[in-house]
Amino acid sequence: MRIVKQNRFKNLSELHKERTEAMVKASRVTTHRRVKEFGYSCRIPLVKALLNHRQHQRHLTWTKEKNNWNVAQWSKVLFSDESEFWISFGNQGHRVWRKGGEAHSPRSLKSSVKFPQSVMIWGAMSSAGVGPLCFLKTKVTAPVYQEILEHFMLPSADQLFEDADFIFQQDLAPAHTARSTKSWLNDHGVGQKEPLPSMEYMYRK
């Protein structure tokens, strides 16, 4: 357990080698069984972006403000974002030893520093379901983002909320906060609701 706790990202061969060097006679199977007996399973680690102190504080403030929201309030939110998905085959990277409930533990997270073959996708979701996906072939500039809003965000809202009001949620990416994007949102009846740490807009039909 000392070896696992010092470095969660060591594979079974490395654990067995270090254990053998410590004069413990045991097979790889026994080493694996002992690790599992202490509640650890070998999993693909989640990837979490590194945040500075200011970003941590902004996220904490936003979380505290939303702490008492009820189901009805959250059901009005249309969450949206662009995400990069790796499509390189056979390259899942290192695995990590962790217990149940430790997926988001700092010791179990892996930082991403390289850019393998990937695809960028924009999507939106709410408690009512998900909207259509937009596969992006170019960098997300303000004009590109406004095209996404026109052809994917508004149809998603129509599909998920019909004639009801909703809150449009996006982050602080440059294309999202550009002056032209804010003008587009205002021109289409979407008023800014709250800017920290992401952008929320109340859309009234």
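How do the residues of the lining of the second largest pocket divide into nonpolar, polar and charged? I looked this up and found five nonpolar, two polar and five charged. I counted Ala, Val, Leu, Ile, Met, Phe, Trp, Tyr, Cys and Pro as nonpolar, Asp, Glu, Lys and Arg as charged, and the others, Gly among them, as polar.

Basis. I am working on a predicted model, where local features need pLDDT of at least 70, side-chain atom pairs count only at pLDDT 80 or more, and totals for chains, interfaces and linings use all residues. Residues are numbered from 1 along each chain as its sequence is written, and side-chain values use heavy atoms, with hydrogens and water left out.

Pocket. I noted a volume of about 300 Å³ for the second largest pocket. A pocket here is an open set of points on a 1 Å grid over the protein atoms alone, where a 1.4 Å probe fits, with protein on both sides within 12 Å along at least five of seven lines; lining residues have an atom within 4 Å of a point. The volume is the space filled by probe spheres set on the points, which are joined across faces, edges and corners. Strand S2 (77-86) gives the most to the lining, four residues, and helix H7 (174-177) supplies at least two. Helices (H or I, at least four residues) and strands (E, at least two) are DSSP runs, numbered from the N terminus. I listed the lining residues, among them Met-120, Lys-139 and Asp-171.

Confidence. I read a chain average of 83 for pLDDT (the predictor's confidence in each residue, from 0 to 100), with 86% of the residues at 70 or above.
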